[in-house]
Amino acid sequence: MTPFKLTDELVSEIEQLIEQNNDAELNAMLGTVHYADVAEIINELDKEQATYLIKLLDSDKTSDVLTELDEDVREAILSNLSTKEIAGELEELDTDDAADIIGELPKEQIQDVISKIEDREHAKDIVDLLRYAEDSAGGLMAKELVKVNENWNVLTCVKEMRTQAENVTRVHSIYVVDDEDKLKGRLSLKDLLTTSTKTHIKDVFIKNVDSVNVNEDPEEVARIMSKYDLEAIPVVDEIGRLVGRITIDDIVDVIKEEAERDYQMAAGISQDVEADDSIWDLTRARLPWLILGLFGGAAAAVIMGGFEEMFREYTVLFLFTPLIAAMAGNVGVQSSAIIVQGLANDDIKGSISNRLIKEMLLALLNGFILSCLLLIFTWIWKGDFPTSLAISISLIAVIVVAGFIGTFVPLFLDKRGIDPAIATGPFITTSNDIFGILIYFSIAKLILGI
């Protein structure tokens, strides 16, 4: 199968077919295209063209397309569909995807859409999911799964599984529950096929099964599934009843969204924005950290003003100010990035003090090597050994302090329940710039006896 590639020519061709109302050609062209690729095409169309295409394609395909669309495109399309049309699309979706889409609708429309879903059991499951917070395992799970009672025999189990599997897109696991629907374990398909039909499930099921609570954070769910290489994980309520399952495709989305959010935060963007958002939204997301950088630069200028007398006698110190600031920022960002990554992967073990000591020793070693190189360069260039020595020793101190700040801040934020990713961006760079300039001139002043 040739990988799909979206081109301007393809989009133009589809736009022309839509203008000509050439439904037969459109169906022939897109009928065999994967729904994710169709969504990619629709993202490039205007509101009317996108709605036309959604209404044209088969409902079982368009429902999947809706889940893959950009949020703003999906919102525009849904606003062009009737309540009955939306309900029809939702009936084709798994409950978790249907709940996500319903959650994006205006509040006054939600009840109307749910009331028009003909499959009342499906509607009930969607309503159940809407009760959970979006940033929880309950808000991430789907109700579709296969479960069997521990008191059934194998023959009864197979019959029930056939009925349940009709509503499940993919069967990852068979879960075992008791009479109160409490999760007891999982059933191996091999054991089911090789065991006598009269054998009770409680005699053959596997009791050890990983599960998560409905209130668990999605990032923790992702960590558990990644650690144990799970394709799906059952979700239980506060008293241990099986209420749903989370599949790997949802977790991939969680990991992707978290990575994007951390990347934006590291770049000094405080809100979740995209390149196509309005100038006002992009400005609001970027401006707070830019203002912080402005004040940080102003503070550095004030500090340098306090050493104005040194510049007259030792102009060379001023020449190395950008280097000192840059090294402080780089070391701080490196240290914080490693710590934040370790916290995200749950790889940070032991006490904070041990971690700080290790990072400071690392910074000391790097600082010593870099300062030796800088000493040789400055001495050859300017021929002034005392000044070269002062700059080099200052560089060591700046790097050690930057390493300390870059390590301590994310650990401290994590202990306080604050996302440590904030420490990999302008916050660390700005603070290290200020401290770096202050340390640089203070040590140079002390060594040179000014």
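## Starting point

Contact here means that heavy atoms come within 4.5 Å. With that in mind, welcome to this predicted model, in which helix H12 (residues 154–165) lies across strands E1, E2 and E3 and runs at about 155 degrees to E1.

The three strands form an open sheet in the order E1-E2-E3, with mixed pairing. At its edges stand strand E1 (146–149) and strand E3 (183–187), each of which pairs on one side only. Direction ignored, neighbouring strands of this sheet are turned by 35 degrees against each other on average.

Strand E2 (residues 174–177) and E3 run antiparallel and are joined by four bridges.

E4 pairs with strand E5 (residues 232–236) in the parallel sense, over two bridges. Here Val 212 stands opposite Val 235 in E5.

## What the record says about these regions

An unreviewed UniProt entry lists residues 141–204 and 205–261 under "domain: CBS". In the model, residues 141–204 are 28% helix and 20% strand, and the end C-alpha atoms of the span lie 27 Å apart.

## Annotated transmembrane spans

For "transmembrane region", the unreviewed UniProt entry gives residues 287–307, 319–340, 361–381, 387–413 and 425–448. The model shows residues 287–307 as 90% helix and 0% strand, with end C-alpha atoms 31 Å apart. Residues 319–340 are 95% helix and 0% strand, and their end C-alpha atoms are 33 Å apart.

## Helices H19 and H21

Helix H19 (residues 321–344) packs with helix H21 (residues 385–415) at an angle of about 30 degrees, their axes 8 Å apart. Angles under 35 degrees count as roughly parallel, and H19 and H21 are therefore roughly parallel to each other. The crossing of H19 past H21 is right-handed.

Which residues make the contact? From H19 they include Leu 323, Met 327, Val 331, Ser 335 and Leu 343, and from H21 they include Leu 395, Ile 399, Gly 403, Thr 407 and Asp 414. Sorted by class, the contact of H19 with H21 has 14 nonpolar, six polar and one charged residues.

How values were computed. Residues numbered from 1 in each chain as written. Predicted model: local features only at pLDDT ≥ 70, side-chain atom pairs only at ≥ 80, totals over all residues. Heavy atoms only, no water. Pairing = 2+ DSSP bridges. Axes fitted to C-alpha atoms, helices over the stretch in contact; angles between N-to-C directions. Parallel < 35°, antiparallel > 145°, perpendicular 65-115°, else oblique. Left-handed = near helix turned anticlockwise from the far one by under 90°. Nonpolar A, V, L, I, M, F, W, Y, C, P; charged D, E, K, R; others polar. UniProt positions renumbered as here; feature names shortened; annotations may be inferred.
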